[in-house]
Amino acid sequence: MPTYTLCLLNKNYSSWSCRALLTARHVKLPLEVEMFYMDDPNFKQKIQKFSPTLKAPALKVTEDSGHSYIIWDSLAILEYLAELHPEIHPTEREERAIARSVAAEMHSGFPKIREKMPYNVRARKDLTLDSKRDEELQNEIRRIVQIWEECRLRTLKKKSSDDEGFLFGKFTIADAMYFPICYRFRTYNIPIENGYAKKYMETIFNWPLGKELEQEAEQEDHIVALYEYI
């Protein structure tokens, strides 16, 4: 049986790391975790054996033969896990295509949210948005709410008995990609009035695996000043 080592950054600050860790835990992947810290002066030297991009997350897979290889980039890791556990993709082809599309949109888009709303699980800050200065940011927030509403409406129309409140009923890689956004909205007290989006956020906040990771992030004793004093 292969062994797995997941290279992560701080759980409180790294949204990309939490996506990979959450999904690995959800599928019960047996793994070891190697933690790295962004403000470590030797960060690049330490992480280079795990990640060719010098970024995290990265997943090292060691086969029974001893051969090993690295999967870098969070979305690539999630897709690899989906090959091992197809249940983290919707079962229907059309739904899988949409789930992949919204996951990829999060992966490649929303630059203003990343710039103006750094990921910090334990922080709280009221973010006042100016209608002109922050127009792009507000458009990105509206787009995310639209995605959540459309995905939930598609799922609700199916009237499935196993709908657990995630975007496509059960947890998929799309939820892993949007999980940190829920916490960003909470950190910066972003008002979400759309009923479908609010219920989706409640699902995320009440999810046992999510609450476990939230607690771990809040209890981290490693402080990165650049991200802590937002």
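**Entry 1: residues 2-89**

I took the span of residues 2-89 and found its end C-alpha atoms 22 Å apart. By secondary structure, the span is 32% helix and 24% strand. I note that the model is predicted. I then consulted the UniProt record, an unreviewed entry, which places the feature "domain: GST N-terminal" at residues 2-89.

**Entry 2: the sheet**

I traced an open sheet of four strands and read its order as β2-β1-β3-β4. The pairing in this sheet is mixed. Which strands stand at the edges? I found β2 (31-35) and β4 (68-72) there, each with a single partner strand, so one side of each is left without a neighbour in the sheet. From one strand to the next, I noted a twist that averages 20°.

**Entry 3: β3 and β4**

I looked next at strand β3 (residues 58-62), which runs antiparallel to β4 and is joined to β4 by five bridges. Going through individual positions, I recorded I71 in β4 as the bridge partner of L59. I also recorded that K60 stands opposite I70 in β4. In a regular strand, side chains alternate between the two faces of the sheet.

I then examined the connection between the two strands. β3 and β4 form a hairpin, with five residues between them. In the turn I found G66, which has a positive phi of about 100°.

**Entry 4: α7 and α9**

I turned to helix α7 (residues 173-187) and helix α9 (residues 208-219), whose axes come within 12 Å. These axes cross at roughly 55°, which makes α7 oblique to α9. I recorded the crossing of α7 and α9 as right-handed.

Which residues of the two helices meet? From α7 I listed F179, Y183 and R186; from α9 I listed G210, L213, E214 and E218. Sorted by class, the contact of α7 with α9 has three nonpolar, one polar and three charged residues.

How values were computed: Residues numbered from 1 in each chain as written. Predicted model: local features only at pLDDT ≥ 70, side-chain atom pairs only at ≥ 80, totals over all residues. Heavy atoms only, no water. Axes fitted to C-alpha atoms, helices over the stretch in contact; angles between N-to-C directions. Parallel < 35°, antiparallel > 145°, perpendicular 65-115°, else oblique. Left-handed = near helix turned anticlockwise from the far one by under 90°. Contact = heavy atoms within 4.5 Å. Nonpolar A, V, L, I, M, F, W, Y, C, P; charged D, E, K, R; others polar. UniProt positions renumbered as here; feature names shortened; annotations may be inferred. Pairing = 2+ DSSP bridges.
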